[in-house]
Amino acid sequence: MAAVATAAEGVSGRGPPGEVIHLNVGGKRFSTSRQTLTWIPDSFFSSLLSGRISTLKDETGAIFIDRDPTVFAPILNFLRTKELDPRGVHGSSLLHEAQFYGLTPLVRRLQLREELDRSSCGNVLFNGYLPPPVFPVKRRNRHSLVGPQQVGGRPAPVRRSNTMPPNLGNAGLLGRMLDEKAPPSPSGQPEEPGMVRLVCGHHSWIAVAYTQFLVCYRLKEASGWQLVFSSPRLDWPIERLALTARVPGGALGEHDKMVAAATGSEILLWALQAEGGGSEIGVFHLGVPVEALFFVGNQLIATSHTGRIGVWNAVTKHWQVQEVQPITSYDAAGSFLLLGCSNGSIYYVDVQKFPLRMKDNDLLVSELYRDPAEDGVTALSVYLTPKTSDSGNWIEIAYGTSSGGVRVIVQHPETVGSGPQLFQTFTVHRSPVTKIMLSEKHLISVCADNNHVRTWSVTRFRGMISTQPGSTPLASFKILALESADGHGGCSAGNDIGPYGERDDQQVFIQKVVPSASQLFVRLSSTGQRVCSVRSVDGSPTTAFTVLECEGSRRLGSRPRRYLLTGQANGSLAMWDLTTAMDGLGQAPAGGLTEEELMGQLEQCELAPPASSRSSLPSPSPRTSLTSLHSASSSTSLSGHRGSPSPPQAEVRRRGGGSFVERCQELVRSAPEPRRPPTPAPRPSAGLAAPLTPPKKKLNETSF
């Protein structure tokens, strides 16, 4: 029987150095000398053997220590030889045990070893670091222009707000910001004022939202990223963010840039100047909570699941609110706003003609298609064939339903007069589909069952989707991404898994396993294969992220670059070169997280039980996860194709009817610039064709 003994009853405080000490560590016996255990002063062992710590002995008289014997073995060898031999023990576990035993020399050696593996300058993918900006002292004037409606038949005036000049040097820390109490969020959760809540990008511009203000950066070819705009301090926490960096024929000319922020039902819009500064355009009210905020061309769009949409036109400066059916998904194709609704219908609004196409002061909302089973349309994706197609413009729509169905509908060029026809149906999900993506090479869907992803390879003939041999299953995997229960893991709208990327290129999911994680995993959306992993260079948790498709420079031989932008809890912003990572695809581990990596991530948080009930319809918010746990599952992939994967968009998408087909064909023929909502997930556009028969390989790893 084990018994507690004091120093007087057990091990004497002063014994001969050669005295043999018997230890029972977690049930395993170890024998060593007193001198070996006590040569490091003020350690656990010196205190134990000197009597300062009471001892617990087993029935044989050996001192019992309730620790892991596997990790203790290399620690004892270090005490014997002063040399470190981990013998397969994980470095973090060894460091944790060395700190418990108070072995300072070993702790320093292990910490140095970790520091050599992690550099404050990042790895080869690290592309840049923007320090936290200065917290704006001046508050926004509450009496600024509200709702720029038509005044006397003329556009309402544009008022300037208090903005900060460009900061080209070292920006200050958010010291003063931390001293101020942030306003409570509408959800009632505590806010971290210095934390990056949302990040979005468009072309060579970035917008970063903090709790009470936002800043914008512009990439200049010679000098890099420069701070060009900082908003005044707001009275409410920012919950939605949208940015457009190229608006032809906008309110202030062809170089218009705009940024919008929203919380609750209120939307604030600014015009940005390329060389620095900005002016407040106005404040708009939707009347219901804003759940999606994005630009389509020079139109600002706000939607709510209640069925209300708001549209603001940069040319006419007119704000129009329209009631439709309850909205469960949306998408944008060219100048069309596509709405998926709970009644199973897909509607469209031609925002390019707004506000000319109005009847009795209402937007012209047309029904394009109705689901045969009248299930709610919970995810939408539209693919317009490239204008180089020999057979004309072929319009394809993939959508997911509240019952878990995945359907593809198509519009033939020769049947313009009729509506889209049902092409394919898949019933592989048993939970509502939350994301869907149809691209040149892949069909990808994600359901609410812990972000279960199913992918198919798409066969095309002359650019058009074909049934010979048709869509074939490609992969099945899950993305593990836990949400914070206390709101400290960042704004949910800024932590969407994706997919990100252009539709004619390889798309990726971004995986943050736990809310407080400082490491992100980038994975192909078509197969789940890991592309790379990035870790915060300053050790700060990552609270928001997005992917930016940045224009190439004007220099000869340059090409567009893809960057991963990560906002940190300390207010900084880091950039990672995904183009380089994609070029080196195949060097990273083949699957998702290994079990060891997964457990290491989960050790950083306490898991709460899942919600007992789940909503039947997912939220239409483009950046809001629908489940508190996006868990892991096996990724059995039948084809390891490296072509352009086309994943389910984080933003649920929508469509509408009438003469929609003819306008889409005109849109493709006129080749306008593709626009996508500048929410944290960049929008893809059609592009180059890919091989019809990708090389096959087995993926039999478990993917989390």
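Two strands pair if DSSP finds at least two bridges between them. Strands (E, at least two residues) and helices (H or I, at least four) are DSSP runs, numbered from the N terminus. This is a predicted model, in which local features need pLDDT of at least 70 and side-chain atom pairs count only at pLDDT 80 or more, while totals for chains, interfaces and linings use all residues. Residues are numbered from 1 along each chain as its sequence is written, and side-chain values use heavy atoms, leaving out hydrogens and water.

Four strands form an open sheet in the order 15-16-17-18, with antiparallel pairing. Strand 15 (292-296) and strand 18 (318-323) are its edge strands, each pairing on one side only. Strand 17 (residues 308-313) runs antiparallel to strand 18, and six bridges join the two. Across from Arg308 stands Glu323 in strand 18.

Now to the aromatic rings. Rings of Phe, Tyr and Trp (its six-membered ring) pair if their centres lie within 6.5 Å; planes under 30 degrees apart count as stacked, over 60 as edge-to-face and the rest as tilted. By this rule there are 19 aromatic pairs. In one of them, the planes of Phe44 and Phe100 stand at 35° with the ring centres 5.5 Å apart, so the pair is tilted. This pair links distant parts of the chain, with Phe44 in helix 2 (residues 44-49) and Phe100 in helix 4 (residues 91-101), 56 residues apart.

Buried means under 20% relative accessible area, exposed over 50%, and partly exposed in between (1.4 Å probe, protein chains only). Phe44 is buried at 18%, whereas Phe100 is partly exposed at 36%. Another pair, Phe135 and Phe213, is edge-to-face, with 5.7 Å between centres and 65° between planes. Both Phe135 and Phe213 are buried. Ring pairs also link Phe30, Phe44, Phe45, Phe72, Phe100 and Tyr101 into a cluster.

Some rings have a charge over them, meaning that NZ of Lys or CZ of Arg is within 6 Å of the ring centre and within 35 degrees of the ring normal.

| Charged residue | Ring | Distance to ring centre |
|---|---|---|
| Arg67 | Phe100 | 3.7 Å |
| Lys82 | Trp39 | 4.5 Å |

Finally, which residues of helix 4 are buried? They are Leu94, Leu95, Glu97, Ala98 and Tyr101. Gly102 follows helix 4, and its phi is positive, near 70°.
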